[in-house]
Structures are given as structure tokens and as C-alpha cells.
Amino acid sequence: MANVPRAPPLRLGSTAPNFKAETTLGLIDFHEWIGDNWAILFSHPEDYTPVCTTELAALAKYEPEFAKRGVKLIGLSANTVETHGGWINDIDEIAGCALSFPIIGDKDRKIAFAYDMLDHQDTTNVDSRGIAFTIRSVFVIDPKKTIRLILSYPASTGRNTAELLRVVDSLQASDKHRVTTPVNWNPGEDVIVHPSVKNDEAKTLFPEFRIVKPYLRYTPLSKDVLFGS
């Protein structure tokens, strides 16, 4: 295997690497494209792959829900932008709606390499068809361009779009309300008072909070409060 220099490691809290790239909606500067929004960057090994097709169809359906939360979606596939067009037609047909977010053309895998998406950090590590292994990653990025979530999936397992939406809701709830979310939490269910909030302050911030253990305190957080309606 070729000795390719390792890309700088990305962790939760890292700044998302900026890049310029051709997409199906034109040339973008990634950080400028994000602007003051949240963003989800998700990668695929190649156009016309079955699992990825179902994922993009699901994201096309969910895109309005992400938009309500100020989240922009952007895909990446290790092909040219020109080849994406026919694949998008298939995705639209399967989804029953039009895919409206951009897909990056990353045929040389430079962006995938910068984001640590390639197995063993090696752009030569490809299968018999030339497809880079383990280029199926997800990055949730906040308006400060900070990486808040990293997920990597094997080629055999489709990603859970509803879970991505749930994670965004959790992150935004934590940022806005000084709470954390428990196991299997969904919007409208009780949340956990952040450990940095002392009980005296919690009485003001969360009048209905309850103490299960000194370190575990629950409080209601309605959907109206969560989504600001």
C-alpha cells in the first residue's frame, strides 16, 4: 500500500476543513456556503450504488424538516458532477420528490481525504472497481464551523435519517437550553438538566425539574419550547 501522508485527524470540536468544490448546484466555498446555518456533510463511494440511493431518497424527503431547523444538507460522491445528473433523476423517482441539495464531485477524493473518510487514510485503497473503501461518513457542523457529530457506516448498512434529525434536535436543545438528552430521547420528552446548572439556578430555569440522583435531574422540554413556536 502506498505511503500516503495522513490527513490531520478530525475530532468532535475540530473546525470543519474548508474547501472549494464543484457541485451539482455550482462552485461553492464550503464555509461561505454554510454561512450562519448548521450543515450536514455526508459521503458516498460512488454514484448509482443501491444503499446510497435509498439514503439520498430519504434525505430528499426529510430535507424540509432539516431546513426548518436551519440545517443545510450537502452530499459528496467520488465521481464527477457530470455523472451525478442521471443518478439524481433516479433518486427523484424513488423519493417521489425532487432532490434540492447539492452533491459534490470528489473524483480525486481530495475532500474525502481531508475529512478522514478513507480507510487507512490511503487514496489508493480501493476495490476492484476503483471505489474507495469506507467513504460513507456523516459530519454535523454547527454555524461556527465546529464538527459536532461524526458517524461512519459500513457499505452494507444504510444510514438512519431520522436519527440524524434527532441528533440535530438534541444538539440545538443543548445549545439553547443548558440541557442534555437521555438515551432514546425524542423531542417533547423530558431532558436532563446540565451538570453545570446548580439546583438553585435550576429552580428558576426549570421550575418543574425533579431530582432522581444528585447527578441526574430531569425537566420537561416541550416541542413548543424546543422549536420556538
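Me: What does the model rest on, and how are residues numbered?
Reply: This is a predicted model in which local features need pLDDT of at least 70 and side-chain atom pairs count only at pLDDT 80 or more, while totals for chains, interfaces and linings use all residues. Residues are numbered from 1 along each chain as its sequence is written, and side-chain values use heavy atoms, with hydrogens and water left out.

Me: What makes residues 50-68 helix H2, and how does its reach compare with the expected span?
Reply: A helix here is a DSSP run of H or I with at least four residues, a strand is a run of E with at least two, and both are numbered from the N terminus. H2 has 19 residues.

Me: Where does H2 have a kink?
Reply: The kink lies at Tyr62, shortly before the proline Pro64, and amounts to about 50°. The bend at a residue is the angle between axes fitted to the seven residues ending there and the seven starting there.

Me: Why is Cys52 called buried?
Reply: Buried means under 20% relative accessible area, exposed means over 50%, and partly exposed lies in between (1.4 Å probe, protein chains only). Cys52 has 2% relative accessibility, so it counts as buried. Cys52 is found in helix H2, whose buried residues also include Leu56, Ala60 and Phe66.

Me: What is Cys52 in contact with, leaving aside its neighbours within four places in sequence?
Reply: Contact means heavy atoms within 4.5 Å. With those neighbours left aside, Cys52 is in contact with His44, Pro45, Trp87 and Arg136. UniProt, in an unreviewed entry, places the feature "active site" at Cys52; such positions are given in the numbering used here, feature names are shortened, and annotations may be inferred rather than shown by experiment.

Me: Why is Cys97 called partly exposed?
Reply: Cys97 has 27% relative accessibility and therefore counts as partly exposed.

Me: How many disulfides does a search of the whole structure find?
Reply: The search finds zero disulfides. A pair counts as a disulfide if two cysteine sulfur atoms are within 2.5 Å.

Me: Why is Val71 called buried?
Reply: The relative accessible area of Val71 is 4%, so this residue is buried. Val71 lies in strand S4. Leaving aside neighbours within four places in sequence, its contacts include Trp38, Phe66 and Val168.

Me: What makes strands S6 and S7 a pair?
Reply: Two strands pair if DSSP finds at least two bridges between them. S6 (residues 137-141) and S7 (residues 147-152) pair in the antiparallel sense over five bridges.

Me: Why are Asp116 and Arg178 called partly exposed?
Reply: Asp116 has 23% relative accessibility and so counts as partly exposed. Arg178, at 33% relative accessibility, therefore counts as partly exposed. Asp116 is found in the loop between helix H4 and S6, whereas Arg178 lies in the loop between H5 and strand S8.

Me: What is the phi of Asp116 and of Arg178?
Reply: Asp116 has a positive phi of about 60° although it is not a glycine. Arg178 also has a positive phi of about 60° and is not a glycine. Most residues other than glycine have a negative phi.

Key
Expected span 1.5 Å × (residues − 1).
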